[in-house]
Amino acid sequence: MDGGSESLTSEKLTSIEDEEVLNKMLDDAADFEERRLIRAALRDLLKKKRDKREQERGQRQLDLRQPGLSKGGTVGVGRSMNHQSVANKPAGQPSSSSPGNRTAVRAGPAAAFPQKCSSAEAPNAKNVKQMLLDWCRAKTEPYEGVDIQNFSSSWKDGIAFCALVHRFFPDAFEYSILNPNKPRDNFQLAFSTAERLAGCPPLLDADDLVRMKEPDWKCVYTYIQEFYRCLVEKGLVKTKKRP
């Protein structure tokens, strides 16, 4: 974008209502002021979508109080997250909320994962770990409710996983409706979407994560490494050196 912030204004960015377009602009921008304006526009767009969703929820609640409304005509507020998750699943795949299928991870991959976690300590692990942490922080910066400071507590409610996946697949689900008080749903949504669209194997188990006070940083780090590599292989991340 030639001309720096002189050719890019808040008014122009406000007129853009496509997250994917703003994300691409942010990736391409080199000027600090341009990046600041684009990040602000992304935050405003996400807030606008969240506010709209809240208004729709309020209207649905009012409608439910009206006499004669069909009981099956409206999805309840508490069920919106599960409804979104089911809508994004491929045809034929059982719902994560159905009995006997409570997690997005099968027993096979999850059982082998503890051995994979221990491999995170490579000779140059500290440099790679910091690079990957910085990458995660940069990609999720525009997202409200995400503050990535480490590979453990920063990921415990699942919102950071969803934000990172949503950054590369903004049409996969509605980020603004996610609830940090429903970590299992957030984990399942992020992992199933990453597997379906990025080909990232489900190395983490949602039920295991919610039982922990904080996720094991080596396991989270290993999963993010795998997600990053899948993005590189799909050409969604351009880099000369992979973490």
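This is a predicted model: local features need pLDDT of at least 70, side-chain atom pairs count only at pLDDT 80 or more; totals for chains, interfaces and linings use all residues.
Biologist: What share of the residues in the protein is buried?
Modeller: A residue is called buried when its relative accessible area is under 20%. Applied to the 243 residues of the protein, that cut-off gives a buried share of 43%.

Biologist: Now to helix H10. How far apart are its end C-alpha atoms, and what span should its residues give?
Modeller: Helix H10 covers residues 217-233, which makes 17 residues. At 1.5 Å a residue, the helix should span 24 Å. The end C-alpha atoms agree with this, as they are 24 Å apart.

Biologist: Why can we say that H10 is largely enclosed by the rest of the structure?
Modeller: Let's look at its residues. Among the buried ones are Cys219, Ile224, Phe227 and Leu231. H10 is largely enclosed because its buried residues number 12 of the 17.

Biologist: Which residue has a side-chain oxygen reaching a backbone nitrogen at the start of H10, and which glycine follows the helix?
Modeller: At the start of H10, the backbone nitrogen belongs to lysine 218, and a side-chain oxygen comes to within 2.9 Å of it. That oxygen is part of aspartate 216. After H10 comes a residue with a positive phi, near 80°, and this is glycine 235.

Biologist: Is aspartate 207 buried or exposed, and which side chain does it contact?
Modeller: Aspartate 207 sits in helix H9, residues 206-211. Its relative accessibility is 10%, and buried means under 20%, so aspartate 207 counts as buried. Its side chain makes a polar contact of 2.6 Å, and the partner is the side chain of arginine 184.

Biologist: I'm curious about the rings. How many aromatic pairs are there, and how is the pair of tryptophan 155 and phenylalanine 161 arranged?
Modeller: A search of the whole structure gives 13 aromatic pairs. In the pair of tryptophan 155 and phenylalanine 161, the centres are 4.8 Å apart and the planes make an angle of 55°. Planes under 30 degrees apart would be stacked and over 60 edge-to-face, so this pair is tilted.

Biologist: Phenylalanine 161 also pairs with tyrosine 223. How many residues apart are they?
Modeller: This pair is edge-to-face, with 5.9 Å centre to centre and 75° between the planes. Phenylalanine 161 belongs to helix H7 and tyrosine 223 to helix H10, so the pair links distant parts of the chain, 62 residues apart.

Biologist: What are the relative accessibilities of tryptophan 155, phenylalanine 161 and tyrosine 223?
Modeller: These residues belong to a cluster linked by ring pairs, which also includes Phe187 and Trp217. Tryptophan 155 is buried at 0%, phenylalanine 161 is buried at 3%, and tyrosine 223 is buried at 2%.

Biologist: Finally, which helix supplies the largest share of the lining of the largest pocket?
Modeller: The largest pocket has a volume of about 540 Å³, and 17 residues line it. Those residues divide into seven nonpolar, two polar and eight charged. Helices H2, H6 and H7 each supply at least two of the lining residues. The largest share is five residues, and it comes from H2.

Methods:
Residues are numbered from 1 along each chain as its sequence is written. Side-chain values use heavy atoms; hydrogens and water are left out. Helices (H or I, at least four residues) and strands (E, at least two) are DSSP runs, numbered from the N terminus. Buried means under 20% relative accessible area, exposed over 50%, partly exposed in between (1.4 Å probe, protein chains only). A polar contact is a pair of N or O atoms within 3.5 Å; within protein, one must be able to donate a hydrogen and the other to accept it, and residues adjacent in sequence count only if both atoms are side-chain atoms. The expected span of a helix is 1.5 Å times one less than its number of residues. On a 1 Å grid over the protein atoms alone, a cavity is a set of points where a 1.4 Å probe fits but cannot get out, and a pocket is an open set with protein on both sides within 12 Å along at least five of seven lines; lining residues have an atom within 4 Å of a point. Grid points are joined across faces, edges and corners, and a volume is the space filled by probe spheres set on the points. Ala, Val, Leu, Ile, Met, Phe, Trp, Tyr, Cys and Pro count as nonpolar, Asp, Glu, Lys and Arg as charged, and the others, Gly among them, as polar. Rings of Phe, Tyr and Trp (its six-membered ring) pair if their centres lie within 6.5 Å; planes under 30 degrees apart count as stacked, over 60 as edge-to-face and the rest as tilted.
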